[in-house]
Each structure stands twice: as C-alpha cells, then as structure tokens.
Amino acid sequence: MDFWQLALITGLLLAVLVAFIWIGLNIRPVKGSDKSKHKELLKDAEQDVEHIFSDSFREELRNRGRLHFEKIISENAMFLQQDLRLTTSQVNDFMKQEISRTLQEEFKKYEQSIADAKQIAVDSIDKTREAIEQQREILGNQLKEELTKEKDLYLKRLEANMTEILTHYIMAAIGDQISLDDQLEFILSQLEANKKEILDDIKNGA
Amino acid sequence: MVHKVMDSFVLPVGLSSRTDLMKVKRELEDVDEFIAASKVRQPGQTMTLPRSGKLLENLAEANKLNLLDDNDRITLKAELKKLVEHAPVIHISFASSPSGQFLDKITGWFRENIHSSMLLEIGLQPSIAAGCRIRTNSRYFDMSLQQYLTDKQALLAKELRGAGSEY
C-alpha cells in the first residue's frame, strides 16, 4: 500500500470522526418530534456509515493493513537478520581477535617462563660446576698433602728400619750363597777396626 | 820330677776353645794314668791304650814337649791348669757354623793381636746374616752386616731420598 493511499484512508477516517463530533455537539435535546428527527438522523448516519464502511471495504482495509503490517514485519525481520548477521560476524571477529591476542600473550608469558627457567637451570648448573671445581681442587690439594704425608711417613719408616730390611733382603736374596769363609775378609777388617777396644777390654778384664 | 817353667806357652790354633782345652787336659790325664799303670803292670796283663787326639799331640809338638817324658807331662799339666784358670775367653757369634780353617784364622788373629792364649766360645746367631758379634766380660761388639749398614744409614737415606724425589 502506498503512502498516499494510507493518507487517503486516514483522511477519510478523520473526516468521519469530525462529522460525528459536530453532530454530537449540535444535537439538542429535542422534544418528541425532535427526538424522532434525531433518531432518524442517527439512523440515516448509521446507514451512511454502513454504506461507506461496508464489509468488503472493511475487509479490504483489513487486508491492506495486514499486508502492510506483514511487509513492515518482513522488512524489519530482514533488517534484524542483517543486523544480527553483521553483529554475529563482528562478535566472531572480535572473539577471534581477543582469543588470538590472549593466546599470544599467554604464549609469550609461557615462553618467557621457559626462558627464565632455562636460565635459572643454566645458572644453577654453572654454580654447581664451579662448586665442583672448587671441591675438586680442594680435594686434589688434600690428596696431595695426604700422599706427601704418607710418602714421608713411609720414608721415615723405611729409614728407621732400613738396615733390618736390607739385611733381610740380602739374606733372602743371597743368604744361601754367602758362606762364612767368604765373610772372613770382612770379619777380619771389622776386628782390626775394633782391635784397640777389644785389647783394652781384655787387659782391663785380666 | 820337675815342672819346667815355660817362658811362652804356645797354643796351636786348632785348640781354640775352653772345651778343647778341657778335652786335651783329660787326654793328658789319661796318658799320664796309662803310663803310671804301665809301670806297675804285671807281665801278661793287658792294658788299654788311651785315646789321644791330634790336639794333644800338636800342643806337645808346638811346645817341644814329649808326652812320654814325665817332667814334660807335669809341665804340660801345669800349663793347662794355668790356662784353664786364667786364659781370657771371648764369645764370638756367627750366622752359621764356621769351618775348621775359618776358625783357625780367627783364632790366629786373636792370639796374634789380642792375647796369645785367647780362647773362643763360638755361638750361632742366624739373625746376624753376615759378620759376627763379640762379647767380652764387660763389652759387646756388633760387627755384623746389620750394624755396618746402620753405620752407613745416613748415606743410604740420602741416596734413597734422592731416588724418591725423581718420582
């Protein structure tokens, strides 16, 4: 239905309304004869209204109104659908952006955490290695000292018992090959070396 | 019968110890008894000849004494008695038993350098290893290889330290 048709219908309705109002204002309490005239006028007005606004006209008005209403509803529905689609699309895009941004931020934080943890681990390993090196050096020095002490101790023991060791070794090595006769020269040399003491002792004893 | 006074009684090197001396003394007494018995022997009576070792014969020979002569036997007996009572004794220990020749040389040295009547008491100490140890009445002489090495210990320690420092 076009606009002018709608305006026409609206104008007609207004005219009718004005007419009724005028009639109503100008209706005087009439006497018996006035009342019957009045009644006739009313009856005529009703007939005219019935004549103008017949069932078919009303039905036509209804159909036109229904069609117009349906059209408006359809258009509004279409607008609404378009708006909804646009809004949904925008919401989707917004969600995607937000999720992507949030995920990227979280991944960045995660990467930073991993990097920090890695650095901490590397620092810890370096410190541990330094501590181990220090300990190794300390232990190495201690071991050297201990070994030196042990060596000195063994040397002292060896020196203290050297003659017994050598004697034992010589006897074990060549004891069965040295006869007393072979020692005669050594024994006589020892006797010569101690001759004076032996002589003095025998003389003093005698 | 007269006992001759001898200026220097010679002990042969074979007679080195007091045990040998006592043995010779017993043998001389046996000879003396035999000769005394033979003088009073009845004809036909058998007699047992005394056993005399080489030591007695060597002793008599070294001192130019005749065992058949009574005076010589008396002299010999007196000298042996003197030796038993007064001869100096020295204890000497070796790592093993010495041979006769070895002992003769040692005895000869002592009699030549220390006392002409020196007697030796031989002992065994395997721990000596080499050399000998001598004990007199009042002193002790360690002439073993161990003592010899102990005396040279400073030198040995020095050599040992020098060798140890190379390692």
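Colleague: Is Lys25(B) buried or partly exposed?

Modeller: In this predicted model, Lys25(B) is partly exposed, at a relative accessible area of 21%. The cut-off for buried is under 20%.

Colleague: Which residue forms a salt bridge with Lys25(B)?

Modeller: That residue is Glu29(B), and the closest N and O atoms are 3.3 Å apart. Both belong to helix H1 (residues 18-39) of chain B, where a spacing of four residues separates them by about one helical turn. Glu29(B) is partly exposed as well, with 31% relative accessibility.

Colleague: And what does Asp32(B) form with Lys77(B)?

Modeller: They form a salt bridge, with 2.6 Å between the closest N and O atoms. Asp32(B) lies in helix H1 of chain B and Lys77(B) in helix H3 (residues 70-86) of chain B, so the pair ties together parts 45 residues apart in sequence. The two also belong to a network of salt bridges that links them with Lys39(B), Asp70(B) and Arg73(B).

Colleague: Turning to chain A, which residues of helix H6 are buried?

Modeller: In H6 (residues 195-205) of chain A, they are Ile198(A), Leu199(A), Asp201(A) and Ile202(A). These residues lie on the same side of H6(A), because they cover an arc of only 165° around the axis. The face turned away from that side carries the exposed residues Lys196(A), Lys203(A) and Asn204(A).

Colleague: What covers the buried residues of H6(A)?

Modeller: The cover includes helix H5 (184-193) of chain A, and from chain B strand E1 (89-94), helix H4 (100-113), strand E3 (131-135) and strand E4 (140-144).

Terms used. Residues numbered from 1 in each chain as written. Chains lettered and ligands numbered in written order. Predicted model: local features only at pLDDT ≥ 70, side-chain atom pairs only at ≥ 80, totals over all residues. Heavy atoms only, no water. Buried < 20%, exposed > 50% of the residue type's maximum accessible area, 1.4 Å probe, protein only. Helix = DSSP H or I, 4+ residues; strand = E, 2+ residues; numbered from the N terminus. Arc of directions from axis to C-beta. Contact = heavy atoms within 4.5 Å. Salt bridge = Lys/Arg side-chain N within 4 Å of Asp/Glu carboxyl O.
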